[in-house]
Amino acid sequence: MSKTKVLIAGAGPSGLTLALWLTKLGVPVRIFDKAAAPGETSRALAVQARTLEFHRQIGIVEDVLAEGIRLEQLTVHTPAGVAARLPLSDFGRGISPYSFAFALPQDIHERVLITHLERAGVQVERGTELVTFQDKGEAVIATLSNGSRTETVSAAYLAGCDGARSTVRHGLNIGFPGGTYEQSFYVADVKGRGEITRNGMDTTVSAYGFAIVMPVRQSGSVRLIGIVPKAHEADETITFEAIRADIERDTGVIVDEVNWFSTYRVHHRVAERFRVGRVFLCGDAGHIHSPAGGQGMNTGMGDAVNLAWKLAAVVQGRADPRLLDSYEPERIAFARKLIESTDQAFRIATSRSRLVGLFRRYLMPKILSIALHTSFGSRAFFSVISQAAIQYRAGPISSGMAGKVSGGDRLPYVLSARGDNFEALRSLDWQVHVYGDVSVDFRAMVAPSGIPIHAFPWSEAAEKAGLQRDAAYLVRPDGHVALASPVQEAAALQRYLAGLAIRPRTAKRAPYRVPGTMHSLA
């Protein structure tokens, strides 16, 4: 029987992200996928700023950015002409170092992740399926099949990143409630001609629905997305040629060459559980969404990051196993909230109701234009779309509030003449941030914990970001604030660390205990 610390089923974006983060954190993994080779179609396109921030933490963001396209403008068309031109090149200024909209085909994105994983010494085991698994309490025993060969693997933990038809989810007998939207959709990667916004995204809204045109690859092909005409929804097989006239009319693109075409129905589902014992669900295995806002793939990769640092801390003896109890409530709450919001947006975008169609055609472009041409509206829209607004305030390991920042919030981004506060997050480790002056006593009392303190000069940018001067923020390895304290109180920090037996990666392996403190977060 072979052994590993974490066994990962599925080598899509979520599984690859989990494997890469765990490997960077020094945890042995095995990752396998039943597909014989990586995908070659550009399914998910949008890469949100929060995902790019995670990529920066593990040192791969420049390679990702080099492969994709920064979208500079969203142009909204109606049958009467251009209704709005909305800036996307810097609409998140001050919120993230990646303040722009960004497109990268999923297959290329996966190849970047695979390349970095291989450089770290990990190969994806292709053509390999999970036959069965059992949680024995102290380990998960899994049987893998690769053709005629079977293998038994003992893993400390199993992560199911194996998609909407997840074998892991089925093996755990976890329900996957939700539904399917009534309309069928088409997606095509083509080369063509028309009034296409260079390095931008074009969307046509009308009484019948919507269509989207956006760049896919640097070679010049574009992605077309829209609703299959009602007259063809019942067709057993829908070909591009059958609906070419509708597509060209709705998108304004004269198609010269079709590289890829597919039709699909959109599902919206969230699993009843994201964890059972030593087995976890990540990505599409736990939730599938409408494509509204380009959130699905990014949410799965966010799951992977959330789980990775927690698994690493527990596997390496740097935290109590109870830390893992926070994965499900943090991520399932966001998945459910996302389903609600994307569902509402999607229904507005696709409804065939005449009243909704009139709103979509005449009022929606004006509302978007007014909102995105104001600083407040632009920032609010970016925060939601980019996933920078994700917070775990109600989570079991979030505590305190200082300024406008609460435990569970993503650490606000602060840029200064000397750089930014996100640079410190490359350590993938616990750290304390103070914006202002650090007291000598606080520094001395925190030192035994091994948690580094990063002091940043107080600035207008820090104040605007909602931080409080001289407050202490304990920051998790994923860049979320764990504990926000309005004063530099070492005892509160020590109680938090002791409650989950947390020690940083840089600390010695000897157990860290604070004399006279109880092991709870109370």
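Author: Helices (H or I, at least four residues) and strands (E, at least two) are DSSP runs, numbered from the N terminus. By that rule, Ala 501 is found in the segment after α13, the helix at 490-499. The model is predicted, so local features need pLDDT of at least 70 and side-chain atom pairs count only at pLDDT 80 or more, while totals for chains, interfaces and linings use all residues. Residues are numbered from 1 along each chain as its sequence is written, and side-chain values use heavy atoms, with hydrogens and water left out.

Reader: How many helices and strands are there in the protein chain?

Author: The protein chain has 13 helices and 26 strands.

Reader: How is the overall form of the protein chain to be read, starting with its radius of gyration?

Author: The radius of gyration is taken over C-alpha atoms, and the globule rule is 2.2 Å times the number of residues to the power 0.38. For 522 residues a compact globule would come near 24 Å, and the protein chain agrees at 24 Å. The C-alpha trace spans about 75 × 65 × 40 Å along its principal axes. A contact means heavy atoms within 4.5 Å. Among contacts with a separation of 6 or more, 69% join residues 24 or more positions apart.

Reader: What share of the 522 residues is buried?

Author: Buried means under 20% relative accessible area, exposed over 50%, and partly exposed in between (1.4 Å probe, protein chains only). Buried residues make up 56% of the protein chain. As for surface, accessible areas come from the Shrake-Rupley method with a 1.4 Å probe; for residues, only the protein chains shown count as cover. The protein chain exposes about 22,100 Å², of which carbon and sulfur atoms supply 52%.

Reader: In what order do the eight strands of the open sheet lie?

Author: Two strands pair if DSSP finds at least two bridges between them. The order here is β5-β4-β12-β13-β14-β11-β15-β18, with mixed pairing. At the edges are β5 (81-87) and β18 (287-288), each of which pairs on one side only. Inside the sheet, β12 (residues 200-205) and β13 (residues 210-215) are antiparallel and share four bridges. Asp 202 stands opposite Val 213 in β13.

Reader: Which strands does helix α6 lie across?

Author: For the angle, axes are lines fitted to C-alpha atoms, for helices over the stretch in contact, and angles run from 0 to 180 degrees between N-to-C directions. Helix α6 (residues 240-251) lies across β11 (178-194), β12, β13, β14 (222-227) and β15 (253-270), and runs at about 95° to β15.

Reader: In what sense do β1 and β10 pair, parallel or antiparallel?

Author: Strand β1 (residues 2-9) runs parallel to β10 (residues 149-160), over seven bridges. Thr 4 faces Ala 155 of β10. Strand β1 also pairs with β2 (residues 29-33), again in the parallel sense, over four bridges. In β2, Val 29 is the bridge partner of Val 6.

Reader: How many of the residues of helix α2 are buried?

Author: Helix α2 (residues 49-57) has nine of its nine residues buried, so it is largely enclosed by the rest of the structure.

Reader: What does Ser 386 touch?

Author: Leaving out residues up to four places away in sequence, Ser 386 touches Gln 48, Ala 49 and Arg 50. The C-alpha atoms of Ser 386 and Arg 50 are separated by 5.9 Å, although these residues are 336 apart along the chain. Ser 386 is placed in the loop between α10 and β19 and counts as buried at 2% relative accessibility. A polar contact is a pair of N or O atoms within 3.5 Å; within protein, one must be able to donate a hydrogen and the other to accept it, and residues adjacent in sequence count only if both atoms are side-chain atoms. The side chain of Ser 386 reaches the backbone oxygen of Ser 383 at 3.5 Å.

Reader: Where does Gln 387 lie?

Author: Gln 387 is in the loop between α10 (375-385) and β19 (399-402). Gln 387 has a positive phi of about 70° although it is not a glycine, and it is buried, with a relative accessible area of 4%.

Reader: What do the buried residues of α13 pack against?

Author: They pack against β23 (431-435), α11 (440-446), β25 (472-475) and β26 (481-485). Eight of the 10 residues of α13 are buried, including Leu 493, Tyr 496 and Leu 497. Just after α13, Ala 501 has a positive phi of about 50° and is buried at a relative accessible area of 15%.
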